[in-house]
Amino acid sequence: MTEKNEDKRPNGFLMLRTMSMPKDANPNGFIFGGWLMSQIDTAAAMMAFELCQGMVATVAVKEITFNHPVTIGDVVCCYCRCTHIGNTSVTIHLELWARKNSDERINRQLITETDLTYVAIAKDGSKRPLPESLIKDKEIIEKIGYLPNID
Ligand SMILES: CC(C)(COP(=O)(O)OP(=O)(O)OC[C@H]1O[C@@H](n2cnc3c(N)ncnc32)[C@H](O)[C@@H]1OP(=O)(O)O)[C@@H](O)C(=O)NCCC(=O)NCCS
């Protein structure tokens with residue numbers, strides 16, 4: 001897909017930033033899609049974990065379309081925002097951007113975006129209700145995407 005995104009800027013909170021390495025490449029020399037999917041789940045899970053104040057399990061991931069290849073040395077950035085707070089689950093919208101440092105001018109491309117749903121779980125793996133404080137702030141969090149809960 002040759003979507004133009006020069007005017008588009010990342011939307012959301014930067015939850016993960018890492019450099020793709022030769023070990024993350026597939027036999028074609030580009031970055032392996034499975035590695036990118038792992039970064040996506042890791043970034044969104046960190047936000048879900050914080051919001052749910054404890055363990056979460058990935059229950060669903062929407063379709064993922066890769067618009068451009070990611071190359072070795074690109075800086076992969078995952079921007080997240082919480083879009084839905086349910087009774088036991090939260091949904092996170094994620095944008096994965098790659099910063100192309102190989103050119104003289106640093107530029108970036110939107111590689112993919114998707115939605116991931118996490119269920120808050122107890123120690124035995126069963127679902128648990130979301131914390132009351134999260135439900136209380138549901139409206140504002142769904143509007144702005146996040147309220148960091150870090151001391
Ligand atoms: C997560 C799990 C505990 C949920 O238990 P469950 O009894 O099946 O839960 P439910 O069907 O009632 O769904 C729980 C919540 O998830 C949501 N949900 C379930 N399937 C969904 C889907 N396909 N898309 C979006 N949301 C979904 C439900 O709407 C519900 O949300 P709400 O309570 O906020 O309204 C259970 O399905 C499980 O253990 N799955 C495996 C998880 C896993 O191993 N993930 C990979 C590694 S982390």
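**The ligand shell and a loop residue**

The shell around the ligand divides into 4 nonpolar, 7 polar and 1 charged residues; here Ala, Val, Leu, Ile, Met, Phe, Trp, Tyr, Cys and Pro count as nonpolar, Asp, Glu, Lys and Arg as charged, and the others, Gly among them, as polar. This is a predicted model, in which local features need pLDDT of at least 70 and side-chain atom pairs count only at pLDDT 80 or more, whereas totals for chains, interfaces and linings use all residues. Residues are numbered from 1 along each chain as its sequence is written, and side-chain values use heavy atoms, with hydrogens and water left out.

Surrounding the ligand are A57, T58, V59, A60, G86, N87, T88, S89, T117, V119, G125 and K127, each with a heavy atom within 4 Å of it. A nitrogen atom of the ligand lies 2.9 Å from a polar backbone atom of T58. An oxygen atom of the ligand is 2.8 Å from a polar backbone atom of N87, and an oxygen atom is 2.7 Å from an N or O atom in the side chain of S89. Of the 980 Å² of accessible area that the ligand has on its own, the protein covers 45%, by the Shrake-Rupley method with a 1.4 Å probe. The elements giving two or more residues to this shell are β2 and β5 (107-120); strands are DSSP runs of E with at least two residues, and helices runs of H or I with at least four, numbered from the N terminus. The largest share, 4 residues, comes from β2.

The loop between α1 (33-52) and β2 (56-61) contains Q53. Although Q53 is not a glycine, its phi is positive, at about 50 degrees. Q53 counts as partly exposed because its relative accessibility is 44%, between the limits for buried (under 20%) and exposed (over 50%), with a 1.4 Å probe and protein chains only.

Definitions and conventions. Polar contact = N/O pair within 3.5 Å; in protein donor to acceptor, adjacent residues only side chain to side chain.
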